[in-house]
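Here is a short briefing to read with the sequence and the 3D view side by side. Take it one topic at a time, and find each piece in the picture as you go.

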Amino acid sequence: MEKIIEVKNLTKIYPQPNSEIIIFENLSFEIKKGDFVSITGPSGSGKTTLLNIISTLDSKYSGEVFFMGTDISKMKEEEKNRMRLKEIGFVFQFDSLLEDFNILENIEMPALILNDKKSVKKGMELLKKWGMEDKAYKKPQELSGGEKQRTAILRAIRNNPSVIIADEPTGNLDHETAIKVMNDFKKLNQEGSTVVMVTHNMELARIFSDKIYSLSKTELKKIL
Ligand SMILES: Nc1ncnc2c1ncn2[C@@H]1O[C@H](COP(=O)(O)OP(=O)(O)O)[C@@H](O)[C@H]1O
Ligand SMILES: [Mg+2]
């Protein structure tokens, strides 16, 4: 199957005043198109750092990172920004919605930035499909935690990305809401999206994802 992300001999070091922290040392792995991958690991093991590297947000590393076959270290900043907006959908743990904009505008934001023009049709279609059209003109603070996270998910998929990258997307939700949000990711995965998710919730990871990996300094090891 086609590889979406390929990491070869990744080494990541955070320099410190008198020393350095080695986060990864010769880490190699790949993620295939259509996968639903959950990544676990203790706090501080580098999960967020890894997501930032594979999503082209952090370029201070050694080794090679390929995104859809292209070595991202060889891309110009401008190219990377465009690719990120088009090909990657981000979902975070805490509210990342813009409070001064309504739900429809929040969902349209990545498209607005990418195309530099307003087109709310797709956003409205997404809201209808996901049963949230009655929330289109509400502000994020008027929504429940689950609805806000679903909004963030719709924003993430607005530009039809190749991969959805989620950093503890259910970390801030109660169990019932977390299940709903995981179901949303599962639905997207079944419709063809590749999902790479960091999570602490092994129970939900087991139910919803295809593969579970544990992250350490030197390997991303498949545990289930
Ligand atoms: N910008 C930074 N500068 C220095 N150290 C950092 C920076 N970002 C993260 N770290 C350190 O790197 C380690 C991994 O962090 P992180 O990727 O956030 O872990 P996780 O998401 O698994 O909890 C932690 O020890 C953290 O303190
Ligand atoms: Mg983290």
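Ligand 1 is surrounded by Y14, I21, I23, G41, S43, G44, S45, G46, K47, T48 and T49, where a residue counts as near a molecule or strand if its C-beta atom, placed from the backbone, lies within 6 Å of it. This is a predicted model, in which local features need pLDDT of at least 70 and side-chain atom pairs count only at pLDDT 80 or more, while totals for chains, interfaces and linings use all residues. Residues are numbered from 1 along each chain as its sequence is written, and chains are lettered from A and ligands numbered from 1 in the order in which they are written.

**Around the ligand**

- Strand 2 (20–32) and helix 1 (47–54) each supply at least two residues of the shell around ligand 1; helices (H or I, at least four residues) and strands (E, at least two) are DSSP runs, numbered from the N terminus.
- Which element gives the most to this shell? Helix 1 does, with three residues.
- Sorted by class, the shell around ligand 1 holds three nonpolar, seven polar and one charged residues. Here Ala, Val, Leu, Ile, Met, Phe, Trp, Tyr, Cys and Pro count as nonpolar, Asp, Glu, Lys and Arg as charged, and the others, Gly among them, as polar.

- Four strands form an open sheet in the order 2-1-4-5, with antiparallel pairing; two strands pair if DSSP finds at least two bridges between them.
- Strand 2 and strand 5 (70–71) stand at the edges with a single partner strand each, so one side of each has no neighbour in the sheet.
- Strand 1 and strand 2 make a hairpin, with four residues between them. Nine bridges join these antiparallel strands, and one bridge pairs Y14 with I21 in strand 2. Both Y14 and I21 also belong to the surroundings of ligand 1.
- Strand 1 (residues 3–15) also runs antiparallel to strand 4 (residues 62–67), joined by five bridges. The bridge partner of E6 in strand 4 is F66.
- A handy rule for looking at sheets is that in a regular strand the side chains alternate between the two faces.

- Six strands form another open sheet, in the order 6-7-8-3-9-10 and with mixed pairing.
- Its edge strands are strand 6 (88–91) and strand 10 (220–222), and each of them pairs on one side only.
- From one strand to the next, the twist averages 20°.
- Strand 6 and strand 7 (residues 163–167) run parallel and are joined by four bridges. The bridge partner of V91 in strand 7 is A166.

**Helix 1 and the sheets**

- Helix 1 lies across strand 1, strand 2 and strand 4, running at about 125° to strand 1. Axes are lines fitted to C-alpha atoms, for helices over the stretch in contact, and angles run from 0 to 180 degrees between N-to-C directions. Two residues are in contact if their C-beta atoms, placed from the backbone, lie within 7 Å.
- Helix 1 also lies across strand 3 (36–40), strand 7, strand 8 (194–198) and strand 9 (211–215), at about 155° to strand 7.

**Helices that pack together**

- Helix 3 (residues 103–115) and helix 4 (residues 121–129) pack at about 125°, with their axes 9 Å apart. That angle makes helix 3 oblique to helix 4; under 35 degrees counts as roughly parallel, over 145 as roughly antiparallel, 65 to 115 as roughly perpendicular and the rest as oblique.
- In this contact, L104, I107, E108 and A111 of helix 3 meet K122, G123, M124, L126 and L127 of helix 4. These residues divide into six nonpolar, one polar and two charged.
- Helix 3 and helix 5 (residues 145–157) have axes that come within 7 Å and cross at roughly 35°. I103, N106, I107, M109 and P110 in helix 3 meet T151, L154 and R155 in helix 5, giving five nonpolar, two polar and one charged residues.
- The axes of helix 5 and helix 6 (residues 175–190) come within 9 Å and cross at roughly 20°. Helix 5 and helix 6 are therefore roughly parallel.
- By class, the contact of helix 5 with helix 6 has four nonpolar, four polar and three charged residues.
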